[in-house]
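Please look at the sequence and the 3D structure shown here, and keep both in view while you read.

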Amino acid sequence: MPDVVLQASSVAKAFNGMPALVSAGLTLRAGEVQVLMGQNGAGKSTLIKILAGVQARDGGSIRLDGRPFDARTPLQAQRAGIAVVHQEVQLCPNLSVAENLLAGRLLRRWWGIDWQRTQREAESALARLSLQLDVRRPLGELPVALQQMVAIARALHQRARVLILDEPTSSLDEAETARLLELLRQLRGQGVAILLVTHFLDQAYAVADRFTVLRNGELVGEYPAKLPRMKLVQLMIGRDLSATAATRDAAAPAGKPLLQTHKLGRRNAVQGLGLIVAPGEVLGLAGLLGAGRTEAARLLFGADRADTGTLQVDGRALALHSPRDAIRAGLALCPEERKVDGIVAELSVRENIVLALQARRGVFRMLPRAAQRGLANAFIQRLGIKTADAETPIGVLSGGNQQKAILARWLATGPRLLILDEPTRGIDIAAKQDLMEQVLALCRQGMALVFISSELPEVLRASDRVVVLRERRQVADLDARGLSEERLLHVMAGAAA
Amino acid sequence: MNASVKHAGFVLLALWLLNAALNPGFINMRWQDGHAFGPLIDIVNRAAPLMVVAMGMTLVIAVRGIDISVGAVVAITAAVAAALLPGHGLGVALVGGLGAAALCGLFNGLLVVAGGIQPIIATLILMTAGRGIAQLITDGQILSIDHAGYAFLGSGFLLGLPFAPWLALALAALLGALKHRTALGLFLQAAGANPAAARLAGVNAAGLILAVYITCGLCGGLAGLMISANIQSADANNAGQMLELDAILAVTLGGTSLLGGRFSLRGSMLGALIIQTLTTSIYALGIAPEVTLVVKAAVVFAVSVSQSSVWRRRS
């Protein structure tokens, strides 16, 4: 067995009295990819933050090369050889690739920085990852995938022996993902100990040497790469999966359309949207990354203004100037970027949940405190939001629980049409199914749903019809019954429809 | 009540106790002709305009803004009121002064909301131009005010106590009620902490921000009335000089973050009282005038450091 580089055991951590980790642990070995799996709130992020020196642990032990390891700051962890690449790239987009790569260790001459040597050094650091880039370009001009690789190159240039990747592929398309996974295999060959956190089973199986599973802040165990998928999922959620699959019972009755658009579009965003959604119907919106799905959702919700085409609700034409107009018409949008467009981190769970309902009521008709609390607690229970109480700042909850709270914000308004944009992104399987089941139950009672997801099986399972976007245009409107994943992919990718 | 408000209250109490220890006369109160007099009363009275301005500033800061034109608004309001007073009477003077202040706030708000200009730059325009406008109104003179009703605003007494603090208290009650009894508090804090999310949730952030700048202008106007009534003149050059900085300081001393979001009106009022206590007691203790600003700065430094989250985590 290869050398153990890092070993964590019985790690504990609590926030505001809510235990995030009870006794978590993992073992990383040189030249191996360890994939960390677990549901939302399993404690993956917390464990990584502790390893990265961002947070201090309350208990347990961590050993690096057999010696006790206790980084109090990210810098200490970095110096010890632990590098973390986050989901959102944490570099400076306005600086050049070379500056980002070598920040803090730019090569100097006596009168200043030696840019030529710095650039050569940066190029050679990228060459280690078989990357060729113009290192003088601002980082922000590169696609996210390349930015991520620059972040990895930076970590390796700092002689990191432990590389931790937290959901690195969640904003990458398939080709980019494949490239990243290939890179990981290559680094494994170079003896780096790699910890990968991902929700994508395919990717996990593509690179894993071993799996470590966490559940509710506890280490469930370490398993070999040949562990069957169903078994892995069961270990993660702690129950049998087959009973919980969210499916549509039957095609919803096609009534009068609730929402109808004709050639709706906006310059540089998306064109030619012709959607029809009836009450109780689920319309899937599929497309590759960059196909214009999020842009479409924002147009439907008035977050961006359409400059061509028409939109009708109940047969009446509406000009949506702002989300307020859409909300008044009974629409709701759970946005893709939870942190940017969804949560107000420093406000409490209660305040976050009542926000949209209160906004619709206006400034002066305030929901009484007791009603607010009742509403918040009802949703906390109904959606299973894990929080110490309704007054906890939402920012301290895990991603999946934040997502549920944002869903609660919109369900509280009793929407007639809900637009879910990647509701399951960055969420584990059980929370995902929970969420979808809740939403689909509402559809059975007549709520219309526009569902955007990059996970095709999910789209096919939930939808009555699937509208496909490609290169920022609507290209197809398909019946979801009998539609295979393969055929849908064909249409998305632009093969003959 | 949150921790930083408690902290501000504690600092104020400590300053008062220190003053009392160094100068036993500090806690003296006299009752004369049915009016209360004494150093503490004096502090509260003098702090009133700053409290008013600090409350307006708190709202602006809550939505990630800042208004450095309030000192100029004080001067404009005082000039307008003093110019209107002789010919048109008290009512017109008050309404005219406050109307001018509201227009100033509207101007700032439009620059920020519709113009998309950074608040510090947007309000810098009026800060620079405002005193010029005030001087145009007063013709470059210091207009003296001779009107008993107007003077009451700055030096009158109600129930034995000076009138100005009552005004500040009434404003605090009004704003406090708006914050807690309407959804304004929630909306302001949401729009301040995450404008994009607030907009998507249906909060009219632009309208809210505009209203907040107008309110801040009105607070500057009210302070301008109080200040000019107190000195019974409108001095375009010196009225409200540096008031904007004291107000920002009062807001931060009261625990409201300059990054927007959560805000505390009570904290800002305590902050204003702390600043006025310092100013008054430095004079009262006979510290040489050359070093008063240094002493004030040293105390502010100590308070700010003790409030910083970094410092607290360490101790």
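On the surface, A:Arg79, A:Arg105, A:Arg128 and A:Arg159 gather in a patch of positive charge. Patches are made of residues with over 30% relative accessible area and no salt bridge, where like charges are joined within 9 Å and nonpolar side chains (Val, Leu, Ile, Met, Phe, Trp, Tyr) within 5 Å. Lys and Arg count as positive and Asp and Glu as negative, while His and the chain ends are not counted, and the place of a charge is taken as NZ of Lys, CZ of Arg, CG of Asp or CD of Glu. This is a predicted model, in which local features need pLDDT of at least 70 and side-chain atom pairs count only at pLDDT 80 or more, whereas totals for chains, interfaces and linings use all residues. Residues are numbered from 1 along each chain as its sequence is written, chains are lettered from A and ligands numbered from 1 in the order in which they are written, and side-chain values use heavy atoms, with hydrogens and water left out.

Chain B has a surface patch of another kind, a nonpolar one of about 310 Å² made by B:Ile120, B:Ile121, B:Leu124 and B:Met127; accessible areas come from the Shrake-Rupley method with a 1.4 Å probe, and for residues only the protein chains shown count as cover. B:Met127 belongs to helix 4 (residues 119-138) of chain B, and with a relative accessible area of 31% B:Met127 is partly exposed.

Is helix 7 of chain B mostly covered or mostly open? In helix 7 (residues 184-193), 9 of the 10 residues are buried, among them B:Leu186, B:Phe187 and B:Leu188. The cover over these buried residues includes helix 12 (349-361) of chain A, as well as helix 2 (39-62), helix 6 (163-181), helix 8 (195-200) and helix 9 (205-231) of chain B.

Over all chains, the count comes to 23 salt bridges, a salt bridge being a side-chain nitrogen of Lys or Arg within 4 Å of a carboxyl oxygen of Asp or Glu. In one of them A:Arg57 pairs with A:Asp70, with the closest N and O atoms 3.7 Å apart. A:Arg57 lies in the loop between helix 1 (44-51) and strand 4 (59-64) of chain A and A:Asp70 in the loop between strand 5 (67-68) and helix 2 (74-80) of chain A, so the pair ties together parts that are 13 residues apart in sequence.

Another salt bridge joins the side chains of A:Arg465 and A:Glu281 at 3.1 Å, N to O. This pair links distant parts of the chain, 184 residues apart, with A:Arg465 in strand 22 (residues 465-470) of chain A and A:Glu281 in the loop between strand 15 (276-277) and strand 16 (282-286) of chain A. Both A:Arg465 and A:Glu281 are buried. Elsewhere, A:Arg29, A:Glu32, A:Arg210 and A:Glu222 are linked in a network of salt bridges.

Note on methods
Buried means under 20% relative accessible area, exposed over 50%, partly exposed in between (1.4 Å probe, protein chains only). Helices (H or I, at least four residues) and strands (E, at least two) are DSSP runs, numbered from the N terminus. Contact means heavy atoms within 4.5 Å.
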